Amino acid sequence: MSVEVLLFIIFNGLLYGMFLFMLSSGLTLIFGMMGILNFAHASFFMIGAYLGYQISLYSSFWIAILLAPLLVGYIGAMVEKYGLRNVHKYGHIAELLFTFGLFYIIEEIVQMIWGKTPVAYKVPELLNFPLIQVSGMAYPAYSMFRLVLSVLIFIAIYRILAKTKTGLIIKASLTNPDMVAALGHNVPRVFSNVFGFGCGLAGLAGVMAGNVIGTEPSMALLLGPIVFVVVVTGGLGSIKGALVASIIIGLMQTAAVSLEFNLNNIFQYLGYNIDINSTLNYFTNITISQLSPIVPYLLLIIILIARPRGLFGKRDV
Amino acid sequence: MSYHLELKNVKKDFGSTSIIRGVNLKVKKGEIHSLIGPNGAGKSTLYNLISGVYNISSGTIIFNNQNIENLPSHEIYRLGLSRSFQITNIFPKLSVFENIRCGLLWNLRYKYSVTKMLDNDSNINEKTNEILSKISLIDFAKESAGLLSYADQRALEIGITLAGGAETILLDEPTAGMSKSETERATSLIRNIAKDRTVLIVEHDMGVVFDLSDTISVLVYGEIICSDKPINVRNNEKVKEAYLGTFGN
Amino acid sequence: MSSLFRNYKFIFYSILTFILLLLPILFSSSFVLTLFCKMGVLIIFSVAYNMLLGQTGLLSFGHAIYFGLAGYASMHFLSGINNNFLPSLPLPFLPFIGAFVGLILGVSIGYLSTKRVGTAFAMISLGFCELITALTLIFVVFFNGEDGIQADRVTGNDFLGITYGPQQEVYYLILFWCIFAVSIMYLLTKTPFGRMCNAVRDNQQRAEFIGYDVRKIRWMAFSLSAMFAGAAGSLHAINYEHIGFESVSLVQSGMVLFMAYIGGIGSFLGPIIGAISLTYLDTMLSDVTEAWVLYYGIIFVLVIAFAPQGIAGLILMHEPVVRNKPSLLKKLIFPYLIFGLSILILVIGFTTIIELIHSLKSNHSNLTIYWIKISNSNFLVWLTSIILAILGLFLCRKSYFRTKEVWNDVIENIKMSLVK
């Protein structure tokens, strides 16, 4: 493997990983604190992308990136307050099912408003110029902007959790939810705020990524499950875990995509040639890059079976 | 002499904290053996160790001449050691009848059968009714167990434990939270079932303990400080010290 | 008394079977027959699914795997017969192949998944679902990508003189399998295994302390549920003579979850009710409205929040009233009527708004809703539907609490009479 390919993998892996982090960090907080595995988390991401598009249509991208996450966060908090809270008494499985239904509803509403085809959400002109070249590929300034912003977000969340009172309450709730309530904190309101904050983060990820990966109604379905992979791998409620897991998954998947390697190559190396007309060839000619979509799900299953607390979690899922 | 249930130097640490610090306990066959001790002495933990909910850190537990430490709960149960719980532990959505019948299943060797139709099986249904009348819940047979009163749920729980047919039963605070008349009912129920069984009880109500027990063991800070007949325990200096000391705090 | 009751039951089921046998004669249109066939298949699938969700308390997001993969296996088997590559198996026995495939998959995937319960179990099932869906698009030789595979169900091997060409004959095949599979699943709930499934669902720890290995119970439930899902998948493939990757996907898994849940996971009849009503609505409404999935989702979410025991639960909760004091039902009629009316107003207002919004996307400004022609450029139409929706919402809230009050009175009344 050449240095160029390696550089390509590392750079793209980091970009993709930081995108995954932005997408999932909110859910890590929600899941850690409330035990709710929000199936609709990627739907809030999608709402963020669409609102980003709509607002930048009327004004500019820079207003959208400020306003859209706030709106998404507000929607999230309202969903918690008027929806999830009523279901809470039936347990976590009912909550999971509720968000599963919500996932369908949001997808349909988005289709109703913006249609089934992708919308033309563009990268802001200001940052749409090639900034650096990595192994022959030019990266626009916007990619660097996203990378830097997501690192800043990570630092910000980390700081909030470590230094502020809200952070203390959130962290305490990760280990002793009942005790926090007993100490007189308005846990329902904290829940609403955390849920809203988490959704807002997803919304921000949507505004930032929608113009790169394409803003369309199926984006939630495509990205939904991978959010769980990050959250579960990183560990319940661990922001650091979410970051590490995102980068690992980002690197793994980028690496897998760039490996045009298959069993035939190995057999060839060992001195056997597989007849390309044989049935066996159907299986042996499948390259690692073709298998790359299954990598995250394999990781999800293995982690849940072998180490359900993930990389940095304190409790089992 | 060999004992029915014997714990030898059993220890349990949670992280760096020792909860059980070398317990030696001998339970004779057919007796009612009470385990008492101040709050936090480790009584519930000891039960969880004996019944396989937790693994022990070191030591041995011998039941019927067989080592049972660190076996999974269902296997310990199958050797004939059953238990009730401090928190009511029943099947809340099943009917009272169904609760008892489920308790009988393994005992009557139904195992995982997918072919036997239970409703037409007069053997198990009669036995279920027998137990229901023994615990005086026959009138509520069709009700959902979760709707029973607290005392009835405790009775049901003892009923499930009975249904298992185990010759040795661990009861965890069987009268906790009960009124005086309910306690009396529970006590007579325990005396009734202890006729042909070995019973180990954890209990806070000293009236019940001294009334029922053949032997009393006192657990203080993860160690048994005394194990003797009720009358001797009452006069034991170490026990007085432990209890008065605790009450003094 | 009990034998009399059993006789009634027997008569009821005989009449039901008789009606089901007559259905193709009463409704000869192929559209209706296809609908019935679809219902039959989905009844098996959702009852099988509920064996896991309702009976054993395990939420799976990946049950379509067994449904879909068994369908693929059946299609391959069928084309194997057609190419004289495999021995000729009469079509009615093909679902056994599907059931076998489902069982094998259930045993192996279940072995891994049942190590966990609750949310972790649900996530593992989701992981497997996505994994297998991705594989169907990778292993083109077996799954044929997005096109899926098809095979002719008329193998030329007339079993008892039946070719299974006409839809009517397929209806009888599915009817037979539906009665057969559902009866077995019903009887399973009466066995020690079936009862212990409920016990494990209610209280895992207690189940261990009556001697059962709870994981083994979960594993068995998982495998058997997958087996019946496999039989259903096989029938699905036979019915359409085609199977595609969407039948193993999350969408299919979600659909069976919706059916079981909306029907009611607490009772055996629930998933059957769910499968029938949702298949009916799906077929009827998908032609009329584009927003069907939205309504689907909203119904699901409302059921979770307000009626977690589903339609069957709503019906069954009246059972104690009927048993003890049927006269009290009269008290409930009026509040129910008012509540029903409020819901109707809300539904009319809300759906009209949704349909109006949808019509904005199309070129036509006229649409027909509830047999009335309206125009989306008419301001009054918008205003009316918004007022209806708000009024309906308001009335629903009011009458919901009122109905609940009356209901609580009735239940109190019955409790009091029981104590005496």
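In what order do the 6 strands of the open sheet in chain B run? The order is β6-β7-β8-β3-β9-β10, with mixed pairing. Strands here are DSSP runs of E of at least two residues, helices are runs of H or I of at least four, and both are numbered from the N terminus. Two strands count as paired if DSSP finds at least two bridges between them.

The model is predicted: local features need pLDDT of at least 70, side-chain atom pairs count only at pLDDT 80 or more, and totals for chains, interfaces and linings use all residues. Residues are numbered from 1 along each chain as its sequence is written, while chains are lettered from A and ligands numbered from 1 in the order in which they are written.

In chain B, β6 (81-83) and β10 (223-228) form the edges of the sheet, each pairing on one side only. From one strand to the next, the twist averages 20°. Angles run from 0 to 180 degrees between N-to-C directions, with axes fitted to C-alpha atoms, for helices over the stretch in contact. β9(B) (215-220) pairs with β10(B) in the antiparallel sense over 5 bridges. B:V218 has B:C226 in β10(B) as its bridge partner. Helix α1(B) (43-50) packs on the sheet and touches β3, β6, β7, β8 and β9 of chain B. Its direction makes about 150° with that of β7(B).

Chains A and C also touch. The contact (C-beta atoms, placed from the backbone, within 7 Å) takes 35 residues from chain C and 36 from chain A. On the chain C side, α5, α11, α13 and α16 each supply at least two residues. The largest share, 14 residues, comes from α5(C).

Terms used. Contact = placed C-beta atoms within 7 Å.
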